[in-house]
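Here are my notes on this entry. Please read them with the coordinates open.

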Amino acid sequence: DAVAKGLLRPPLQTKSHRRKQCDVGGSTKATNVLCVKHVHCIGNESRMAQHDLTGSLSRSLDRHLVFPLLEFLQVRGLYREEDLLQGKIELLSKTNMVDFAMDIYKNLHGSEQVPQEMFDRRTSVVARLNELQSTAAPIVNFLTDETSVKQLRNDKTWNLQFLQENGIGTEGVEALYHYAKFQFDCGNYSGAAEFLYHYRTLTEDTQKSISALWGKFAAEILMQDWDPAMDDLNRLRDLIDNSKLSQLEQMQHRTWLMHWGLYVFFNHENGLNAIIDLFFQEKFLNAIQCNAPHLLRYLAIAVIINQRRRPMLKDLIRIIQQEKYTYCDPVTEFLENLFVDYDFEGAQQKLRDCEDVIANDFFLVATGEEFVENARLFIFETYCRIHQCIDICLLADKLNMQQEDAERWVVNLIRNARLNAKIDSQQGTVVMGMQLPSIYEQIIERTKGLSSRTYVLANAVTGTAGGPDK
């Protein structure tokens with residue numbers, strides 16, 4: 001069939017599971033179809049639905065990227081299926097995936113009949129696809145010839161001249177752009193990504209080249225092609241930093257990039273380091289605090305489960321405290337209870353809530369076990385700082401574990417040399433050993449982040465020096 005029905009499914013078996021004006025073309029495509037307050041919750045799930053971020057996230061995502069979120073919500077059963085199916089139809093109404101919209105409409109209404117306007121829409125989509133296919137045929141045929149493609153260079157001027165020698169002008173290059181955009185809207189993400197890649201090597205239009213990069217980035221996410229997606233994320237970050245946009249526009253572009261990047265960060269093998277490096281940059285941190293404080297959930301999870309980035313915990317808690325009046329959830333409250341208030345009972349309760357939040361978050365669902373393990377370790381380490389002898393029964397209660405499981409867990413910590421302690425089985429206690437860090441270790445710990453902060457400061461000073469007042 002000429003109209004694709006493809007749709008990315010939630011990556012449950014992989015490592016994870018405001019408006020966008022230049023997603024693939026240049027037209028505005030706001031995704032505001034899912035507003036949680038207008039969606040009816042199901043029974044006891046309503047308590048967890050209040051922590052669902054789909055409504056907040058979707059405002060900064062291309063509508064194609066929202067489909068996996070709705071699929072996940074449908075599987076989790078947080079909302080009525082009828083509402084989610086209607087939300088999918090509204091999303092699809094601004095795309096070219098008409099056949100898929102028809103299938104959902106039939107499922108929603110339990111009928112094989114669909115509105116005539118859907119048939120009319122399908123006819124117009126097929127006609128437009130054939131028209132664009134015919135217009136772009138010369139350059140598409142050129143790009144499918146490996147011999148011709150190998151003669152292209154990094155010099156765009158030379159490439160355009162070479163195309164003209166083969167009977168393809170600038171209008172042919174622009175036809176490739178519109179054809180790629182239409183293919184994306186039809187759900188043919190692999191074809192769109194390939195055409196947009198070639199378009200960027202040929203065009204001299206800087207603005208459309210950036211727009212094409214956004215489209216290629218989205219297509220790679222939807223194909224779950226994480227390595228190229230990470231490369232494009234870094235290219236977009238550099239383009240935003242070096243652009244001539246106003247500071248407000250740059251902040252908005254950074255907000256989009258961080259939201260789109262969540263798909264990459266929680267699936268790429270180096271994603272947890274990447275999200276911490278990006279979100280802690282001053283300009284991106286400003287965007288979080290101004291536009292998207294809900295992203296603190298994902299930054300907090302990344303810091304908690306990434307043991308090598310523990311030094312960032314202090315900065316994270318400081319930011320969480322600053323933003324708690326605008327955003328908080330069980331994850332941020334867990335850290336605040338544990339490291340600010342030293343409320344172990346509150347931290348224990350929030351840890352239970354965190355498990356439910358993570359299980360119902362599309363991006364975090366695969367991090368649940370790792371988060372709980374590291375969160376328990378945080379509780380244990382903090383508790384041990386103020387106690388020398390700890391009752392195992394009390395410890396099990398603090399960690400929300402059975403006594404035998406808690407004792408086995410502590411034994412594993414001691415065996416793996418992560419804990420200087422011994423277990424008194426007769427008394428049922430854990431006796432902590434004194435482990436004061438040496439002066440050398442203290443200096444190393446306090447200067448770990450010095451080089452990265454110096455690098456950021458140097459870049460900020462260089463950027464200021466290169467401004468209009470220079």
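Predicted model: local features only at pLDDT ≥ 70, side-chain atom pairs only at ≥ 80, totals over all residues.

1. Residue numbers start from 1 along each chain.

2. D361, location. D361 sits in a loop. Is D361 buried or exposed? Its relative accessibility is 5%, so D361 counts as buried; the cut-off for buried is under 20%.

3. D361, partners. Leaving aside residues up to four places away in sequence, D361 touches F72, R297 and Y298. With R297 there is also a side-chain polar contact, at 2.9 Å.

4. The largest cavity. Its space comes to about 120 Å³. The lining has 17 residues.

5. Lining, by element and type. Helix 2 (54-58), helix 3 (63-76), helix 16 (296-305) and helix 19 each give at least two residues to the lining of the largest cavity. Helix 3 has the largest share, with three residues. By type, the lining holds ten nonpolar, three polar and four charged residues.

6. Helix 15. Which residues of helix 15 (residues 282-291) are buried? They are F284, L285, A287, I288 and N291. These lie on the same side of helix 15, because they cover an arc of only 160 degrees around the axis. An α-helix has 3.6 residues a turn, so residues three or four places apart point the same way.

7. Helix 15, packing. The buried residues of helix 15 pack against helix 12 (226-241), helix 13 (247-265), helix 14 (271-279), helix 16 and helix 17 (313-323). Helix 16 also contributes to the cavity lining of point 5.

Conventions. Heavy atoms only, no water. Helix = DSSP H or I, 4+ residues; strand = E, 2+ residues; numbered from the N terminus. Buried < 20%, exposed > 50% of the residue type's maximum accessible area, 1.4 Å probe, protein only. Polar contact = N/O pair within 3.5 Å; in protein donor to acceptor, adjacent residues only side chain to side chain. Contact = heavy atoms within 4.5 Å. 1 Å grid on protein atoms, 1.4 Å probe; cavity = no way out; pocket = protein on both sides within 12 Å on 5 of 7 lines; lining within 4 Å. Points joined across faces, edges and corners; volume = space filled by probe spheres on them. Nonpolar A, V, L, I, M, F, W, Y, C, P; charged D, E, K, R; others polar. Arc of directions from axis to C-beta.
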